[in-house]
Amino acid sequence: MPLLQLQQLPQLLRFTAPALALACSTAFAQAAQTDEFSRCLADLKPAALAAGVRGDTYDRHTQGLAADLTVIDKLNVQPEFKTPVWDYLAGLVDDERVEQGRALLTRHAAVLAQVQQRYGVDPETVVAVWGVESNFGQTFGKYPLVQALGTLSCLGRRQGYFRGELFATLRILQAGHIAPERLVGSWAGAFGHTQFMPSTFERLAVDFDGDGKRDLMDSVPDALASTANFLAKAGWQGDRMWGWEVRLPAGFSVAGQGRKNRQPLTAWTAAGLRLADGSPLPAGAETAGLVTLAGATGPAFLVTRNFDALYSYNAAESYGLAIAHLSDRLRGGGPFATPWPTDDAGLSRAERREVQTLLSARGHDIGEVDGMLGDRSKTAVRAEQTRLGHEVNGRAGQRLLRALRAEAPAAPQPVTPSSSSDPAPRS
Ligand code: CA
């Protein structure tokens, strides 16, 4: 290795000096941020005490806490494009989730019957919320709640809101409902089977198994009853449907229609609406509003006040529809009668995993095959869309799946020994 020529030194410095400076300034910035975070948590203590958190509780859970800046990144993320409603629903209401939900309806039949008796919410609706919120308790989120909410209380937007949730979290820990090491959730602080925010937990979580703790992490009865309690408090009526998929008469204008614009079913019948299978709307005094999430040519729904209760769980109509549709599928119903207005329908989770496997087989590093289609999968999708001459948007739908399937090599051939010697016996 020759010694470094003197004349190369300035050139080398030109590259290393800024890098060194950057490394130093990053380190300084991080140290400053750590100080700022510790100071902020210390400054919040009086407000926490005023909100019912004991001093020893506050100190135990906040002293030495490091900020998790990834939650600030999540807070600031701007989705590059809005997920089409057909992608959203294809992933949330697929055959896998229906199958699992039906098995859980059977397994928890006794407690679900008790929950229905107490809160007036039917088993299929409760289990549908469970399936959409946490995939029946299989997806809780991985963020320690105090750390995530502490960070959001001191850095980034909406600090006032997150401080209220931080104090609620500390009160939950103080009351001993959930062990600190079990309390993990989404980056924004939703946790457990029902993905309640801490303040929602305090208002609506119930102890249904009678052990004295309201435990939404490890008690399925507590979680199912808390979900039903949420819906009951949001106005759910046990003698009312959420709504129906309907067929609109030709040329019907959906302008000005909506969830809150309710009319009696008799008026909708008079306007020419029918159930999706062509049969008449139910009789009776029920009122309902017309919801279309993709214009007049897509699926259309008449929704009752019960739909508003589903809506209030997450403040999105597409979310309410996912719960409603999953509950119908759990009752034995089929897919929507009217297709979504797209020539490139969405993918189930099994199909998303297949896309990831096919991308991986083409040499893309997509990480774990988990059906989630995160950033690395989207980068790979864009590369393949470019190569295939498809529209390049990072979205995987049926079109991309078909194209990748068509190119995938046939089923792997059995491995044959390269030498002519006898194959080793298999044990
Ligand atoms: Ca309990």
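Predicted model: local features only at pLDDT ≥ 70, side-chain atom pairs only at ≥ 80, totals over all residues.
Modeller: Residues are numbered from 1 along each chain as its sequence is written, and side-chain values use heavy atoms, leaving out hydrogens and water.

Colleague: Which protein atoms are the donors of the calcium ion?

Modeller: Asp207 (OD), Asp209 (OD), Asp211 (OD), Lys213 (O), Asp222 (OD) and Asp222 (OD), at 2.2 to 2.9 Å. Donors are N, O and S atoms within 2.8 Å of the metal, or 3.2 Å for Na, K and Ca; water is not among the atoms, so sites may look incomplete. Their spacing along the chain is D-x1-D-x1-D-x1-K-x8-D.

Colleague: What makes the arrangement of the six donor atoms irregular?

Modeller: Six count as octahedral if opposite donors are over 155 degrees apart and all others between 65 and 115. Here the angles run from 48 to 161°, so the arrangement is irregular.

Colleague: Why does Asp209 count as partly exposed?

Modeller: Buried means under 20% relative accessible area, exposed over 50%, partly exposed in between (1.4 Å probe, protein chains only). Asp209 has 38%, so partly exposed applies. Asp207, with 28%, is also partly exposed.

Colleague: What makes α13 oblique to α14?

Modeller: The axes of α13 (residues 305-314) and α14 (residues 317-330) come within 8 Å and cross at roughly 120°. Under 35 degrees is roughly parallel, over 145 roughly antiparallel, 65 to 115 roughly perpendicular, and the rest oblique. Therefore α13 is oblique to α14.

Notes:
Tetrahedral: all angles 85-135°; square planar, octahedral: opposite > 155°, others 65-115°. Axes fitted to C-alpha atoms, helices over the stretch in contact; angles between N-to-C directions. Helix = DSSP H or I, 4+ residues; strand = E, 2+ residues; numbered from the N terminus.
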